[in-house]
Structure formats: structure tokens, C-alpha cells
Amino acid sequence: MTKRNKIIYWIATLWLALGMASTGIVQLIQNKEEIEMMKHLGYPLYFLTLLGVWKLLGVIAILIPKFGLLKEWAYAGFFFAMSGAVVSHLACGDGAKELFGPLLLIVLTIFSWYYRPAERKCFSELKS
């Protein structure tokens, strides 16, 4: 892995982890804005707890060494959650302001996944 790719990986991964952890915590504490957004999107409030817990677990999964298959699931979960957020906002007629966060997290998910080192890929420990 080139130095450039390693830098891209770590920048994308750390920003992704920060974004997912911060939104996960906000969802777990269920502040007023998050509650209003869930109501606006038509989701039940328990969805906030579900998303918050899974985001925090996903952050742990992508940051710890090894466990390639777990990382694949975390990346997939991040992608599905954020693409679902984009579709939900579009379906409710929301504008670019509401789409920016989820779209940025999708881009960071893709970059982090694509540039991950071999030892962080699924089954890489079996190939060694």
C-alpha cells in the first residue's frame, strides 16, 4: 500500500468514524432536533436508539484491527443507513441542506472501504 493510499484511508476513516460516532451519540440522547427529524421522515422514535447503537458499534468495528468480515458488515451498514437517509429526505421533499451530511458520509464510507489496507480486508488473515 502506497503512502498516499494510507493517508487517504486514514483521513477518510477518521472523518467517517467521527461523523458516525457524533450522529450516533446525538441519536442516542434523542435531542429535540433528532426527534423532530424522525417525525418529519415518518419513522418511529425507537429508530433513533437502533441507529445510534449500530453506528457506534460500526465505528468500533472499522477502527479495531483484524475482523475483516465484521468490517465489511459495518461498511455495508453505514452505506445502507446513509443511502436510506438520502432517499428518506428526498421522499419528504427535503433540500440540499438535509442531504449534505448523509451524502458526505456515503463518500467517506466508500473511500475508507476502497483504500483500506489488505490486513483490514475480509479474509486477509487467511491469505497470510
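Ile8, Tyr9, Ala12, Thr13, Trp15, Leu16, Gly19 and Met20 of helix H1 meet Leu105, Leu108, Thr109, Phe111 and Ser112 of H5, where contact means heavy atoms within 4.5 Å. Helices here are DSSP runs (H or I, at least four residues) numbered from the N terminus. This is a predicted model, with local features needing pLDDT of at least 70 and side-chain atom pairs counting only at pLDDT 80 or more, while totals for chains, interfaces and linings use all residues. Residues are numbered from 1 along each chain as its sequence is written, and side-chain values use heavy atoms, leaving out hydrogens and water.

**H1 against H5**
- The H1 and H5 axes sit 8 Å apart, at an angle of about 140°; axes are lines fitted to C-alpha atoms over the stretch in contact, and angles run from 0 to 180 degrees between N-to-C directions.
- H1 and H5 are therefore oblique to each other (under 35 degrees is roughly parallel, over 145 roughly antiparallel, 65 to 115 roughly perpendicular, and the rest oblique).
- H1 passes H5 in a left-handed crossing, meaning the near helix is turned anticlockwise from the far one by less than a right angle.

**H3 against H4**
- The axes of H3 (residues 46-63) and H4 (residues 68-91) come within 9 Å and cross at roughly 140°.
- That angle makes H3 oblique to H4, and the crossing is left-handed.
- On the H3 side the contact includes Leu51, Lys55 and Val59, and on the H4 side Leu70, Lys71 and Phe78 are among the residues involved.
- This contact of H3 with H4 splits into eleven nonpolar, one polar and two charged residues.

**The core**
- The largest nonpolar core has 19 residues, and Leu16, Met20, Val59, Ile62, Phe78 and Leu105 have the most contacts inside it; such a core is a set of buried Ala, Val, Leu, Ile, Met, Phe, Trp, Tyr and Cys residues joined through side-chain atoms within 4.5 Å.
- H1 (3-29), H3, H4 and H5 (96-114) each give two or more residues to this core, with the largest share, six residues, coming from H1.
- Val59 touches Ala17, Met20, Ala21 and Phe78, leaving aside residues up to four places away in sequence.

**Val53**
- Val53 lies in H3 and counts as partly exposed at 36% relative accessibility (buried is under 20%, exposed over 50%, partly exposed in between, with a 1.4 Å probe and protein chains only).
- Val53 and Gly24 are 29 residues apart in sequence, yet 6.7 Å apart in space, C-alpha to C-alpha.

Notes: Ala, Val, Leu, Ile, Met, Phe, Trp, Tyr, Cys and Pro count as nonpolar, Asp, Glu, Lys and Arg as charged, and the others, Gly among them, as polar.
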